[in-house]
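Dear colleague,

Please find below the structure that I am handing over to you. My notes on it follow.

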Amino acid sequence: MLNIGKLAGLLCLVSCAHGADRAPIEPHPGGVAHYTVTIFDNLGGARVRACFAGLALAGLVPMDRSAARQPRGAWIDGIPLETRDGRISLSPQTRHMCLEYETQFERSRFGLGDSSAVVVSQSQWLWRPEPFPQQVSTSVRFAVPGDGQVSLAWPRSDGAYQPNRNAFFVETFGVFGTFDRQAFSVANTRVEVARLGATPLQRDVRRWLTRAVQTTASVGGRFPNDRLHFVIVPVDDPGADVAFGMVRRGGGSSILLLPSVDAQVLELEADWVAIHELSHLWLPRLQAKDRWLSEGIATYLQEVLRARCGLQSSDRAWSRIREGFERGRRSGSRQPLADESRSMNRTGAYQRVYWAGTAFALETDLRLRRLSNGESTLLTALNDAQRNWREEARLVSASRVLAALERASGADFIAALGDRYAASSNFPDTSYADSPEYDDLRAQISAQVEGSCTVSGESSR
């Protein structure tokens, strides 16, 4: 997520999962859940009708504690149900039933001043069955006021969204209201875009995102996901072409991007924010203490891939990496990197976490290339290792990722190197990378590769 300089003011902190306050009931192996979501005329909340079959329910619970502030009531056939801390209590004997509940959306950080559309996490309207079944077939339909639309990362069929179980536990971005939408395919990936506001123009958005997806896919000649959802919210920020970005994966990969209203298409293409967010999808969601690894690899890729794909010069890429290392050295509280990662949303030590992780990525890439005479690289290892967690939405440990990179590359140093970085209280020494003995490897890393940044599979829809 980024932009680092604006991150503290925009970041939505991850909340703890809501815990049940009664003894759990044995989960039923399967069932059906259908939600009908009616968005209020002012786009400020929703009334939800939820019907279940084949499930033994003790209640419905919100995704996280922030959602617990929002329910305004719940009813079965007009009879009020008990709600406490966001939890809707039900008779545990109930297996076939319908109920209704209302929620009020928190004011979105991301939206238009004229309130024509809002960006809302499903945590604000999707309550999950408790206990959650081992298998459940879920469908969601929407009613939006006027000519309003809905845009979500979930697959859709016959007018109904069909989220998987991850959608009940991990947030994603949804858009309700009046907005521009388009869909196309690039690098064999289906892309859906919701744009709030008049700029950037639709054709410029497509060109920008196509280039970003192609660039990210150049890691392995393929994109790591077969579906992508973008939410584009223009902002009045003359200081940055793209002010902020964030990826969420609840039921599908959704990326929020905040471009400047004045940014031109060439500036958007050359910008690093979209490529950084897309690069996260080569890795699973990592635990808070391990975010130095995911943010570091994404930061490394944003610079190296843009050089390889002609979006910036090789000299510019290495200059930006060196400047980042210097900012990282000046940042942080001198805790071990794992602790710094865990607390960076509170301490603001983003520069140290991101760029120490970038130093790890650079060292790993250089050592792999040197040991294999250029046959094995961090990029080839990521491409092969990503298949281990392609469908994984739960939080994963760095140790699992590092072990997978070792298996993919055949190298035996990566896990130990990662452990050393995570335990270190000092910013890593990166001076070795500028020594003449690494000149050829640095040039190899950032050299443009003919044809590698045009992955086949593009079409309009």
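Strand β19 (residues 242-248) pairs with β20 in the antiparallel sense over six bridges. Pairing here requires that DSSP find at least two bridges between two strands; helices (H or I, at least four residues) and strands (E, at least two) are DSSP runs, numbered from the N terminus. This is a predicted model, in which local features need pLDDT of at least 70 and side-chain atom pairs count only at pLDDT 80 or more, while totals for chains, interfaces and linings use all residues. Residues are numbered from 1 along each chain as its sequence is written, and side-chain values use heavy atoms, with hydrogens and water left out.

Strand β20

The bridge partner of Val242 in β20 is Pro259. β19 and β20 form a hairpin with five residues between them, and Gly251 in the turn has a positive phi of about 85°. With strand β18 (residues 227-232), β20 pairs in the parallel sense over four bridges; there Val231 stands opposite Leu256.

A three-stranded sheet

An open sheet has the strand order β9-β15-β12, with antiparallel pairing. β9 (117-121) and β12 (149-151) stand at the edges with a single partner strand each, so one side of each is left without a neighbour in the sheet. β12 pairs with β15 (residues 173-177) over three bridges, and Gln149 stands opposite Gly177 in β15.

Helices α5 and α12

Helix α5 (residues 291-308) and helix α12 (residues 439-446) have axes that come within 7 Å and cross at roughly 80°; axes are lines fitted to C-alpha atoms, for helices over the stretch in contact, and angles run from 0 to 180 degrees between N-to-C directions. The two helices are therefore roughly perpendicular to each other (65 to 115 degrees; under 35 counts as roughly parallel, over 145 as roughly antiparallel and the rest as oblique). Their contact (heavy atoms within 4.5 Å) is made by Tyr300, Val304, Ala307 and Arg308 of α5 and Gln444, Ile445 and Ser446 of α12.

All told, 18 of the 18 residues of α5 are buried, so this helix is largely enclosed by the rest of the structure. α5 is followed by Gly310, whose phi is positive, near 75°.

Yours sincerely

Conventions. Buried means under 20% relative accessible area, exposed over 50%, partly exposed in between (1.4 Å probe, protein chains only).
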